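Hi! Here are some notes to go with the structure you asked me to look over. Have it open beside you while you read, and click along as we go.

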Amino acid sequence: MTSDMLLFTPGPTTIPERVITAMSQCASVHHRTSEFEKIFATCQESFANLFALPEPPLFLASSGTGGLEAALRNICEPGETVAFVNGGKFGERWGKIAAALGFSPLELSCEWGESISKEELTNTLRNAETPIRAICFQHLETSTGVLHPVEEFSEIVRQESPETFILIDAISSFACSPLDVRCADIVIAGSQKALMLPPGLCFLMLSERAWQRAEECDSGSFYFNLLAERKAQKRSNSAWTPPISLILGLHEVLKMLAEEGMPEVFHRQDQNAKVCRAGLVELGFTTLSDDYPAAGVTPARPPKNVDASKLPALLVDSCGKRIAGAQDQWKGKVVRIGHMGSITPQDVQELLKDLSCAIV
Ligand SMILES: Cc1ncc(COP(=O)(O)O)c(C=O)c1O
């Protein structure tokens, strides 16, 4: 808890004071030094330990979208089929990236607030006219607050189409909702969500099979060539200039998560979501995506007398706290309350109190 907490948004999230202090040391750090390599190595090791990874993740200087593009580029080649679930803005983004890279996108769409059924997934895999090179999911579809059951999806894909690579965008769920990375070939996480950092760093976790595929796949990219990055990171440095301040911040974040313990972190995030949902209902809101509730964000329609499009600004003016609006078909009708990262159930209670004052 910080007394000046402002961001109840599903990313960027509030950055804890001690992380800001750690990042501010960057003025005196050069990346091609043993001092920096030691910090980098500690980050690699503790990240892998905390999230039970078979090997350290790749740290990539990029926003999350760059991580999604890098993942696709190192697995697929132009003309190959890339299936993706589109149930919101970020599912849609998988399709847009695939199209931009010259792949052949195959969409499985679902209503906002819903996920796909196991039957739909099975049928798509069984009836595909061409081999599906990769299938892309969101763990948390941030635009709708749906936590897709990706581990169940993964079992189906492995059974029905074992050659297909499974890519999971866990940008907004990582360190908030548990995920066994072994259910995927590539998992992508982002810095500005539950990892409590500013934007600009993403994390790629590849299976051995994905690394083998990357060896034979032409990524068509210089910067997003993950093999080059892996080679440098095996020496605990990066191929290109790393975001030094973010690595220093990550070092502190990982210490914080280890001090609290990941089971406790996941429990706190779950509590945040439960307190938020129950409190919103008491205030007359209608919560959405109720069949797939996420620990990190709660979407809700305000009571009739409240203008959803004005509520985020109203709240900033009245108490300095920021919640998020929504996009596309939910724009102006729905608000999204983020409660990932450093937020506690008490913080959510306080927000709800402020919200109750703001809507009278
Ligand atoms: C699930 C998900 N995927 C992808 C992105 C895109 O990440 P970025 O904005 O860091 O490029 C976001 C950002 O909000 C997200 O929530």
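Predicted model: local features only at pLDDT ≥ 70, side-chain atom pairs only at ≥ 80, totals over all residues.

1. **Two domains.** Let's start with the overall layout. The chain splits into domain 1, covering 17-258, and domain 2, covering 262-358. If you take the C-alpha centres of domain 1 and domain 2, they lie 26 Å apart.

2. **Where the domains meet.** How many residues of domain 1 are in contact with domain 2? There are 25 of them, and they meet 21 residues of domain 2. For domain 1 and domain 2, the buried area is about 2000 Å², with carbon and sulfur atoms giving 66% of that.

3. **Polar links across the interface.** Between domain 1 and domain 2 there are 4 residue pairs in polar contact. On the domain 1 side, α4 (89-100) and β7 (146-147) each supply at least two of the residues that touch domain 2. The interface of domain 1 and domain 2 also has 1 salt bridge.

4. **A salt bridge to look at.** The count of salt bridges comes to 20. Take the one between lysine 89 and aspartate 328: what does it tie together? Lysine 89 sits in helix α4 and aspartate 328 in the loop between β13 (322-323) and β14, so the pair links parts that are 239 residues apart in sequence. The closest N and O atoms of lysine 89 and aspartate 328 are 3.1 Å apart.

5. A quick reminder first: strands of a sheet pair through backbone hydrogen bonds, and they can do so either parallel or antiparallel. Here an open sheet of 7 strands runs in the order β2-β10-β9-β8-β5-β3-β4, and the pairing is mixed. The edges are β2 (58-61) and β4 (104-109); each has a single partner strand, so one side of each is left without a neighbour in the sheet. From one strand to the next, the twist averages 20 degrees.

6. Zoom in on β5 (residues 132-138) and β8 (residues 165-169), which run parallel and are joined by 5 bridges. If you want a landmark, find glutamine 138, which stands opposite aspartate 169 in β8.

7. Helix α4 lies across β3 (81-86), β4, β5, β8 and β9 (186-190), and it runs at about 160 degrees to β3.

8. Strand β11 is joined to β12 (residues 297-301) by 2 bridges, and threonine 286 has arginine 301 of β12 as its bridge partner.

9. Check the peptide bond between glycine 11 and proline 12: it is cis, with omega about -10 degrees. Proline 12 is in the loop between β1 (7-8) and α1 (17-23). Then have a look at alanine 175, which has a positive phi of about 70 degrees although it is not a glycine. You'll find alanine 175 in the loop between β8 and β9.

Technical notes:
Residues numbered from 1 in each chain as written. Heavy atoms only, no water. Pairing = 2+ DSSP bridges. Helix = DSSP H or I, 4+ residues; strand = E, 2+ residues; numbered from the N terminus. Domains from an automatic or database assignment. Contact = heavy atoms within 4.5 Å. Buried area = accessible area lost by both parts, 1.4 Å probe. Salt bridge = Lys/Arg side-chain N within 4 Å of Asp/Glu carboxyl O. Polar contact = N/O pair within 3.5 Å; in protein donor to acceptor, adjacent residues only side chain to side chain. Axes fitted to C-alpha atoms, helices over the stretch in contact; angles between N-to-C directions.
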